[in-house]
Each structure stands twice: as C-alpha cells, then as structure tokens.
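This report goes through the fold, the core and the chain contact of the structure shown below, and closes with a helix and a hairpin.

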Amino acid sequence: MKSPFAEMLASLTRQRGVLGSMVVGESDGLIVDSALQVGVKGSVVAALAASLYRRARMSADAAGVGTATFLQLEAERGRVCAVGRNDLVLVALAEPRANIGLLRIEMLRAMEGLG
Amino acid sequence: MTVAVAEEWVERPLRDFVAEARVLLALLLHPSGQVLAQHGFTRAVDVMSACALAAAIHASSGELGKQLDGRPFGALHHAGRERQIFLAPVATGKSRFILLSVFDQQSSLGLVQLYFEEFRAALAKAAPIATTQRPPALATDFEGELNRNLAALFGRA
C-alpha cells in the first residue's frame, strides 16, 4: 500500500545527486516512508536526523529567531537536509553534485504536504 | 552519570549506551530477574521492583509470541505521556539478558533502538567466553544472589 508521501519522496529522490529521502517522525525518529538508494542506512539516518532537526528547531526557538525552516548539514561527501512540520521531518541525503537550491525549493514545497 | 555494575564487563557497553541514547534509567538483568547493572536508580527497592516487573513482562511477551508467532517476540516499546520504556533481550554467546531502558523527550525510540544495536554488539564482544549456559537461579540461591548484586550496585557489599 502506498503512503501519501510516496510520490513526493520518489520525485525528490529522482533529482540528480539525491541519494534518498524519507519522512520521519520528529519525536520518535522512526521512518514513516522512504525512497532510498541501495546502501543508505535509512533507520540510522532517520533517528539521528530527526534528533538533529528537533534540536535545531528548539535552538532556533530558544534563540528567539522563530521557527526553523530549512536545516542543511554539510559534510565531506555530501549533505543532509531537513524540513519539518506537524511532528514530521522530511529528510534528504544528497551528494555534493546535487543542486541544493533546487532541492531546497522542492523540500519546502513538499513540506506543505506533511500532515 | 553513574552506572553501577555487579559484573565489571558490562560497565563500558552500558555506560556508552546510556550516554549515547540519553536514557534516564537503564537496567541490565538476567531473565530470572537478577540485576547485573543499573543506571539512574537511587534505591535498591526500586531496582528490585523494576527487575521483577521487567522479567515478568519479558516472560509474558515471550510466551505470547510463542503462542501467536511460533517464537518469542523481540523488543517491546511502551509509550507513556512523559516517559517511555524499551525492553529488549540481549544474547551474549550462551547467556541471555534483558535490557530495560526508560527515556523521555530528550531521546527518541529511533535513537534508543539505534544505540541498543550498538550496545548488543558491544556486550557480546565484552562478554567472557562461557562454555555452558548459566543455570537459572534456584529459588534457594535467588535471594542471596539478588541481595549480593544489589549490595554491589548500591555500595553495601
């Protein structure tokens, strides 16, 4: 059975350089649905990315700068991007060659469909 | 952060699990209810109660799994309003244990599951090589063993 997120995730993962995307519960860190390339450790990334996003959201809130909109973690061999809404986090993993500007727009647009 | 152990080899894996998964309470026990290590408890009586309850839950869910699925169920997660428990079996060679952990919003089920897998591997690696499975505690020895472990955990040995 397809989840309501399946199409959106497939569309994100089809972008050049995107290794996978998933919808994760912010409070439990568990995968709701995912579209991942073979070899991506989905459950591990989901748990850690959800925790990271939650803390970033709380930090932004504590700093009085409002709601966290887009989280981007730059690493040596790629990026982890996250947006959230209604206790759900949309996480995308991308290689350095991915068009992050486009991915960001797509993720922010997709966020409207979360919950 | 305090981790008290009755057997030294479990300390490092449990300490790492507690730190990484950010759990509030952790108990490592034998399926009979005998405690091996604990984190976060301040009273021996709480450890005793938690061990007895965890062993009973594990036994019940194991039996239910056998009835419904032909084999014992694995990990169990129960979410409360503020706190959640994660109870799961751990095997090290020929010995079997149960890990009970309690966490709140500072952690998550995903994180606890993730670090539990690491804990399971670390515990198996640290375990002394057993040639035979440890026999279940006899009723006559049980109280003495339990008291000895509790005394070791709470510094009254």
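## Burial and overall fold of chain A

A residue is counted as buried if 20 or more other C-beta atoms lie within 10 Å of its own, with the C-beta atoms placed from the backbone. By that criterion, buried residues account for 33% of the 115 residues in chain A. The model is a predicted one, and every value quoted here is computed from it.

Chain A contains three helices and five strands, which follow one another along the sequence in the pattern α-β-β-α-β-β-β-α. Its radius of gyration is 13 Å, close to the 13 Å that the globule rule gives for 115 residues, so chain A is as compact as a globular protein of that length. The C-alpha trace of chain A spans about 40 × 35 × 25 Å along its principal axes. Of the contacts in chain A between residues at least 6 apart in sequence, 52% join residues at least 24 apart.

## The nonpolar core

The largest nonpolar core holds 71 residues, and V91(A), L27(B) and L29(B) are those with the most contacts inside it. The element that gives the most to this core is helix 3 of chain B (residues 109-126), which supplies seven residues.

Around V91(A), once its neighbours within four places in sequence are set aside, the residues in contact are S21(A), M22(A), V24(A), V45(A), A46(A), A49(A), V80(A) and A82(A).

## The contact between the chains

The contact between the two chains takes 10 residues from chain A and seven residues from chain B. On the side of chain B that touches chain A, three of the residues are nonpolar and four are polar, while no charged residue is found there.

Helix 2 of chain B (residues 44-69) has 26 residues and reaches 36 Å from its first C-alpha to its last, which is close to the 38 Å expected at 1.5 Å a residue. The buried residues of this helix are V47(B), A50(B), C51(B), A54(B), A55(B) and H58(B). Just after helix 2 of chain B comes G70(B), which takes a positive phi of about 80 degrees.

Further along chain B, strand 4 (residues 76-79) and strand 5 (residues 84-92) pair in the antiparallel sense over four bridges. These two strands of chain B form a hairpin, with four residues between them. Within this part of chain B, H77(B) stands opposite F86(B), a residue of strand 5.

Terms used:
Residues numbered from 1 in each chain as written. Chains lettered and ligands numbered in written order. Predicted model: local features only at pLDDT ≥ 70, side-chain atom pairs only at ≥ 80, totals over all residues. Nonpolar A, V, L, I, M, F, W, Y, C, P; charged D, E, K, R; others polar. Pairing = 2+ DSSP bridges. Expected span 1.5 Å × (residues − 1). Buried ≥ 20, exposed ≤ 12 C-beta atoms within 10 Å, placed from the backbone. Rg over C-alpha atoms; globule rule 2.2 N^0.38 Å. Core = buried A, V, L, I, M, F, W, Y, C linked by C-beta atoms within 7 Å.
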